[in-house]
Structure formats: C-alpha cells, structure tokens
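I opened my notebook to look up a few things in this structure. My entries follow.

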Amino acid sequence: MPEHHRRSPASDASSGATPVRSFWSGTITFGLVSIPVDLFAAAVPRQKSMKLVDEDGHPLGRRYWCPKHEKVLDDDELVRGYETDSGKVVVVTDAEFASVAPEKSRDIELKRFVALADIPPFFFDRPYFLAPDERAGKAYALLAETMAKTGKAGIGSFVMRDHEYLVAIVAEQGVLRAEVLRYADELRSPEAIGLPKAEKGDAARVRAFAREIDAHAEAKVDRAELADLEAGTLRKAAEQKAKSGNGVVSMAELEGDEDDAAASAQVIDLMQVLRDSLGARAGKGAGSPAPEAAAPARKSAATKSAPREPAAKKAAAKKTKRAAD
C-alpha cells in the first residue's frame, strides 16, 4: 500500500507549529457509515537514539553472522525462518509469506463498540490522531461527540505498511484517536509470573491508606511532572560538549550506516509480521476485544547480528551495546 502524506492543518506557517505529515489515509467504516481520515503519530521518540561509532568516530555497520560456517552472510543468503512450538525452524519462502500476508485495505473496520473502561490499560500500545479528511464533513465531529457522551470505544483493525493492527478508536475533546492495542499473547497474567492471590486487608488500615491518598490527591495531572528529565539532561550535556568542540563527529559520515541498519532490521520486522499474520487468521476470541493469540515466534539461531569482519568479532562486540531510545 503506498504511503500517503498530507499536510496537517496545524503545520501552516501562520501557526508557527512544526510541520507534521500524515503517513496513512483511509476510512473509518461501520455499518453504513464511512468517514475518511488521515493518521498522524501522537507520540515522539523518548530521546534521540545513539549512533554507534568507534573511538575515532567512524560509523559501525551491522552484519548477520553465521556461527556454524563462521562467515558473514550477504542479503541474498538470508531467508525467513519460523520457529514452531516444538522448537523446529521452518523455512518460509517469499510466496508462502505473501499468501498469509494481510489483505491490503484502506479501511479501519470497526467490528464492535465496547465501554472504554472495559479495556484494560495494559492493552494500549501506541496512540495516533485521526484527522478528518476534507470529505468527512460533519460525520467526524458527530462520531467523536457521540462516542464521548456514551463512553464507548470502537474496536477494529486496519492494515498499514503490510502489517495488520488491532485498534481501539476513542474520542476525547472532539478528536478521534486510534490506540493500537497489544495482542492477547503479548501480555502476561499475574498468575503467569507467580503473583500471590489478593488478600482482604484490615479495614482500619485500608481507611488509613485512603486518608493518606486523599491528602496527596490532585484534581488533575500536572503535565510538567511528566517531563522526561533524563532526556533533557542528556540533551543539555551533549549540547554543551558540542559547543566545546570535544568529541564532535560529522553527521555526514554516519549517513551510510542508517541504510545498512535499516536493511538488517527489515528481516526481523518481517518475522514479526508473519507471526501476527498467522495469529490473526487463527480465529477470533469470543467476548474479547483482542484477537486469538498468535503462535510465539523467536529469531532463528541460524543467524545473528555480527561485526563487519569475522576477525574483529570479539573486539567489536564490546563496542556494540546499543543505548536505549
């Protein structure tokens, strides 16, 4: 499906806002209702990712290393491998992969409406804004107002970049938001990690805790308290070091590494698509907003990330720890 870019109304020069572009367009559908919308990311990366370089500032590339044959594999030597529950790795050809890929669609098909409060918070994964297309008319505003008044969320799915996502459409202050939901098999239960069953507490102590909570209660969340202090401190330290001129590396030297890293990461992303695609077709769970759990998949042990040259394996391994975003 080709990507769609549409300028956000908030990106006009008169507004002074940073230009934002949608990267998907489609239609919210349910029953006879059809509302064209554009998708915008509602979240930004926590902090800039670190660039992996050596002590002299030279960019480091990523390669796939085969420990059995002790060599670096070229892109044309990489194939997809799906690990079954029994631990066997099954090779999946391009044709087989295409046969289980989700059908391309530009619709966000809402299959049911549920109370927003009934969706456990840990199902929510990533938020996106849904902006009304110029063809949406008053339908967008009417749907947002109705959903907000009823406290309902629309549960459905859509395909973006050949990947099928489960979403909850919610309304807040006249704006529709698409919350990508985690699949049921991505979440652990308290029992799965051995948490003890809840015990009824002493009534007097419960009242004492309640008074303590009330004493610290606020009418609403102060967004200033949600600021990322760690990212801000890191940014300030980096900017100060850049002004001093110490340890500054030209970003132009790092451009080649981005393409190499993206090509390597694509193999892993395709495995994830296969896992979710197979799971999405296994069936629907009754009475649950999440689809049937997909079969777990892990990366094949046949390949793993490795340095550019086998002879430098041990030396480069010490320098390839990635900083968290």
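I looked up contacts (heavy atoms within 4.5 Å) first. Of the contacts in the protein with a separation of 6 or more, 68% join residues 24 or more positions apart.

I noted the ground rules. This is a predicted model, in which local features need pLDDT of at least 70, side-chain atom pairs count only at pLDDT 80 or more, and totals for chains, interfaces and linings use all residues. Residues are numbered from 1 along each chain as its sequence is written, and side-chain values use heavy atoms, with hydrogens and water left out.

I then listed the elements, which are DSSP runs numbered from the N terminus (helices are H or I, at least four residues; strands are E, at least two). The protein has six helices and twelve strands.

I followed strand 2 (residues 33–41) on both sides of its pairings; two strands pair if DSSP finds at least two bridges between them. Strand 2 pairs with strand 1 (residues 24–30) in the antiparallel sense over seven bridges, and Ile-28 stands opposite Ile-35. Two residues lie between these strands in a hairpin, where Gly-31 in the turn has a positive phi of about 60°. Strand 2 also pairs with strand 8 (residues 124–132), antiparallel, over five bridges; here Phe-40 stands opposite Phe-129.

Is Gly-81 buried or exposed? I found Gly-81 in strand 5 (residues 80–83). Gly-81 counts as buried because its relative accessibility is 11%, and buried means under 20% relative accessible area, with a 1.4 Å probe and protein chains only. Val-91 is ten residues from Gly-81 in sequence, yet their C-alpha atoms are 4.6 Å apart. Buried residues make up 29% of the 325 residues in the protein.

Technical notes. Buried means under 20% relative accessible area, exposed over 50%, partly exposed in between (1.4 Å probe, protein chains only).
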